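This report goes through one protein model step by step, from its overall build to a group of charged side chains. Please keep the sequence and the structure in view while reading.

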Amino acid sequence: MSGDVDPAHGPILAAIELLGQRWILRVLWELEPGPLGFLELRRRMGNCSSSMLSNRLQQLQAAGLIEKHGSKGSYELTAAGIGLSEALQSLWDWSESWAGGESGGVWTRGNRK
């Protein structure tokens with residue numbers, strides 16, 4: 001971040017920097033309903049490479065938004081990640097109306113059809 005930035009804006013700018021990276025929001029969206037193992041998460045991520053997914057998971061862990069259980073365990077949202085997920089719910093809801101509801105209601109909070 002630039003030295004010209006008002007310190008009061010530091011937290012939001014840090015969040016924008018993290019969340020603006022490719023695949024970060026998608027990982028959070030996939031983990032919102034509950035824990036997933038790496039292979040299942042990778043399967044759901046489409047054309048995100050394993051190395052990119054691994055990198056993003058490490059970034060989210062370092063940010064305290066997700067945690068991993070066991071050496072080959074699952075990933076899940078922390079309390080901070082759940083709070084962010086709740087904050088992002090409006091964005092996810094907005095995307096449904098913006099896309100004209102074309103998804104047929106595939107996404108509802110905590111429950112995928």
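## Contacts and overall build

A contact means that heavy atoms lie within 4.5 Å. With that in mind, of the contacts in the protein with a separation of 6 or more, 43% are made by residues 24 or more positions apart.

This is a predicted model, in which local features need pLDDT of at least 70 and side-chain atom pairs count only at pLDDT 80 or more, while totals for chains, interfaces and linings use all residues. Residues are numbered from 1 along each chain as its sequence is written, and side-chain values use heavy atoms, with hydrogens and water left out.

The protein contains 5 helices and 5 strands, where helices (H or I, at least four residues) and strands (E, at least two) are DSSP runs numbered from the N terminus. Read from the N terminus, the order of these elements is α-α-β-α-α-β-β-α-β-β.

## Surface and burial

The accessible surface of the protein is about 6,900 Å², and carbon and sulfur atoms account for 56% of it; such areas come from the Shrake-Rupley method with a 1.4 Å probe, and for residues only the protein chains shown count as cover. Of the 113 residues in the protein, 27% are buried, a term that means under 20% relative accessible area, whereas exposed means over 50% and partly exposed lies in between (1.4 Å probe, protein chains only).

## Salt bridges around Glu-30

The structure has 4 salt bridges, each defined as a side-chain nitrogen of Lys or Arg within 4 Å of a carboxyl oxygen of Asp or Glu. In one of them, the side chains of Arg-26 and Glu-30 meet at 2.9 Å, N to O, and because these two residues are 4 residues apart in helix 2 (residues 24–31), about one helical turn separates them. Glu-30 is buried, with a relative accessible area of 3%, whereas Arg-26, at 31%, is partly exposed.

Glu-30 also forms a salt bridge with the side chain of Arg-44 (3.7 Å, N to O). Arg-44 belongs to helix 3 (residues 38–44) and Glu-30 to helix 2, so this pair ties together parts that are 14 residues apart in sequence.

Which residue does Arg-44 meet in a salt bridge of 2.8 Å, N to O? The partner is Glu-40, and both residues lie in helix 3, 4 residues apart, or about one turn of the helix. Both are partly exposed, Arg-44 with 30% relative accessibility and Glu-40 with 26%.

Taken together, Arg-26, Glu-30, Glu-40, Arg-43 and Arg-44 are linked in a network of salt bridges.
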